[in-house]
Amino acid sequence: MPSRQTVEAFVAQVLSGQHVEAIRDWYAEDASMQENQDAPRVGRDLLMAGEAQMLARQAEVTTELLEPPLVDGDRVAIRWRFTFTSKKGHVNRFEEIAWQEWRGDRIWRETFFYDPGQTRRAESASGS
């Protein structure tokens with residue numbers, strides 16, 4: 001079960017823009033991430049590679065914490081807003097809830113809940 005201080009340290013690393021490093025430092029080796037009801041992606045190395053690829057497609061990513069994390073035993077919920085600026089200058093703001101299950105001081109399972117329409121609206125606005 002993570003302490004509040006552990007969760008806050010994880011959040012601080014993400015807020016500082018160290019997304020890949022946060023996966024390296026805070027996720028279990030066999031961790032998984034899942035987008036809404038899609039199939040989960042499993043394995044810290046795979047998660048780090050996917051995050052690095054997503055970040056490489058952007059000119060800038062800004063992360064905001066919209067509410068303090070909710071910590072209840074091994075369960076943590078975090079409300080984020082990400083602002084993505086594409087290499088063409090298009091801006092998309094994306095909000096999600098990250099629902100995490102921790103094993104000790106490591107994230108083991110994470111599901112992101114968000115409105116998929118956010119991505120469709122961004123594609124429409126950018127002319128993609």
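Select Ala 9 to begin: this residue is part of helix 1, which covers residues 4-15. Helices here are DSSP runs of H or I with at least four residues, strands are DSSP runs of E with at least two, and both are numbered from the N terminus. The structure is a predicted model, in which local features need pLDDT of at least 70, side-chain atom pairs count only at pLDDT 80 or more, and totals for chains, interfaces and linings use all residues. Residues are numbered from 1 along each chain as its sequence is written, and side-chain values use heavy atoms, with hydrogens and water left out.

Is Ala 9 buried or exposed, or does it fall in between? Ala 9 is partly exposed, because its relative accessible area is 33%; buried means under 20%, exposed means over 50%, and partly exposed lies in between (1.4 Å probe, protein chains only).

Thr 85 counts as buried because its relative accessibility is 17%. Which residues is Thr 85 in contact with, leaving aside its neighbours within four places in sequence? They are Gln 58, Ala 59, Glu 60, His 90 and Val 91, where contact means heavy atoms within 4.5 Å.

Proceed to strand 6, residues 91-103, where Trp 99 has its place. Trp 99 counts as partly exposed, because its relative accessibility is 38%. Select Ile 97 and Phe 113 as well: with Trp 99 they form a nonpolar patch on the surface, and together the three have about 260 Å² of accessible area. Like charges are joined within 9 Å, and nonpolar side chains (Val, Leu, Ile, Met, Phe, Trp, Tyr) within 5 Å. Accessible areas come from the Shrake-Rupley method with a 1.4 Å probe; for residues, only the protein chains shown count as cover.

Finally, display the whole protein chain. Its secondary structure comprises 4 helices and 7 strands, arranged along the sequence as α-α-β-β-α-β-β-β-β-β-α. Along the principal axes, the C-alpha atoms fill a box of roughly 45 × 30 × 30 Å. Of the 128 residues, 42% count as buried. The accessible surface of the protein chain is about 7,300 Å², and carbon and sulfur atoms account for 50% of it.

Methods: Patches are made of residues with over 30% relative accessible area and no salt bridge: like charges are joined within 9 Å, nonpolar side chains (Val, Leu, Ile, Met, Phe, Trp, Tyr) within 5 Å. A salt bridge is a side-chain nitrogen of Lys or Arg within 4 Å of a carboxyl oxygen of Asp or Glu.
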